Amino acid sequence: MKSYDVRIWQIRPVKRMDKKSGRERVVSYEVRWRVAVDSKSKSFAQRAQADSFRSDLVQAARKGEAFDTLSGLPESLARQRQSTRWIDHAVEYAQTKWPRASAKHRASIAETLATVTPVLVRGTRGMPPPDEMRRALYGWAFNSESRKSSPDASVDRCMEWLRKNSLHVRDLDDPKVIRSALDALTVKLDGKTAAASTIYRKRASLYNCLRYAVELRLLTSNPIDTVQWSPPDHDDGDVDPRVVVNPQQARALINAIGRDGEGGRRLKAFFACLYYAGMRPGEVTALRRDGCHLPAEGWGVLRFGRSEPRAGSRWTDDGTIRDRRGLKHRSRRAERIVPIPPHLVELLREYLAAFGTDQDGRLFRGARDGGDLAETVYGRAWKRARVAVLTADQVATPLAARPYDLRHAAVSLWLNAGVPATEVAERAGHSVAVLLKVYAACVDGQADVANAKIEAALAA
């Protein structure tokens, strides 16, 4: 039934006693209104959310809209919430985010939506196989470039099934439904439990997608805020000290790369940049000659403001495997200046004398075609170096398992050498807070120094 008899009250803060402080604190904000004889209410975690929802009700009442007595919503909001299916909203969200997202972020959004969408359906009767569904969602529905071409028969069949069976967005207000979506984020394709960092990343993407639904008035509040669901402890973002090599091991591994044929000679300086300059692989692949100050003697300097992480050609704007972007967590115009020791200066000078640069001044590129340096190429070289240098027992451990672990070894070395955290953070491209959290387990040998300082203070 519908009614024009509507009254809307002011927002009421809901307070509860804080057991720790013994004081009352606001835990939510309640919007209260009446439609005919039925009282309605909706609680929000933030005051701004409550203000926005109340404003929608007030504007609808002023326009003379009829209100649905069952849901308490004005007709415009009720129709919108009833008609939009999850699959349509998810596709729109992915397309909205595409222009301003990095290639890796685009892939991450698609991965999250492809994970939860098969769960947000009304039953599974007639559902296409999981591999077909994933290819349709991850490879086509949530990829704006792929959507420019017509889907094949398999993709079309999956999308048709979803259009008929996908839940409406309003159904996600049900705690059981949103809990099932969150639970889906914790499982990998092989059925094993996903890493905590992966679950956190996917939960953030899902939360933002639902926040977009709130923005479009498809939901009155984000349903994730209403369920008591917590991801596992987020500890796997910290660097495992077992991956960190000592300086002798690092030198031996880099030298082994240089002895691995012509390809190894080209890669020796690449790996040296990871260790002696603490650079990320994507930053090394983007390094240009004009950013290298390489004096004949003493320390040099690397200056760079670009990174080219591998993201996959389906997710980049230019169709290459690497995403051309600024430095991680910095503005596009930001640069990082890293002093480099004489040994790295010498290696880079030798590399430039032997191999030069491409026409754009880029140092490291593919040996055959001069294109992007493939991750698989330097990854295989790294595996061979580990086998050549490390013992069989060490090869079976996480020690330097990835080329990226050379960067971890570099930052750990700087911290343990007593370099101030602010300087290490500047060179590594971290904030100080993130640096100390991520590398806390790798800082060793500082207890005696700290004890001596405390003892001296006590004796003063």
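Q: A salt bridge here is a side-chain nitrogen of Lys or Arg within 4 Å of a carboxyl oxygen of Asp or Glu. Which residue does R402 pair with that way?

A: D405. Their closest N and O atoms are 3.4 Å apart. This is a predicted model, where local features need pLDDT of at least 70 and side-chain atom pairs 80 or more, while totals for chains, interfaces and linings use all residues. Residues are numbered from 1 along each chain as its sequence is written, and side-chain values use heavy atoms, without hydrogens or water.

Q: Is D405 buried or exposed?

A: Buried, at 2% relative accessibility (under 20% is buried, over 50% exposed, partly exposed in between; 1.4 Å probe, protein chains only). R402 is partly exposed, at 43%.

Q: How many salt bridges in the whole structure?

A: 23. One of them joins D152 and R135, at 3.0 Å, N to O. These two sit 17 residues apart in the chain. D152 has a relative accessible area of 36%, and R135 has 42%, so both count as partly exposed.

Q: Which residues form a network?

A: E111, R134 and K202, through salt bridges that share partners.

Conventions:
Helices (H or I, at least four residues) and strands (E, at least two) are DSSP runs, numbered from the N terminus.
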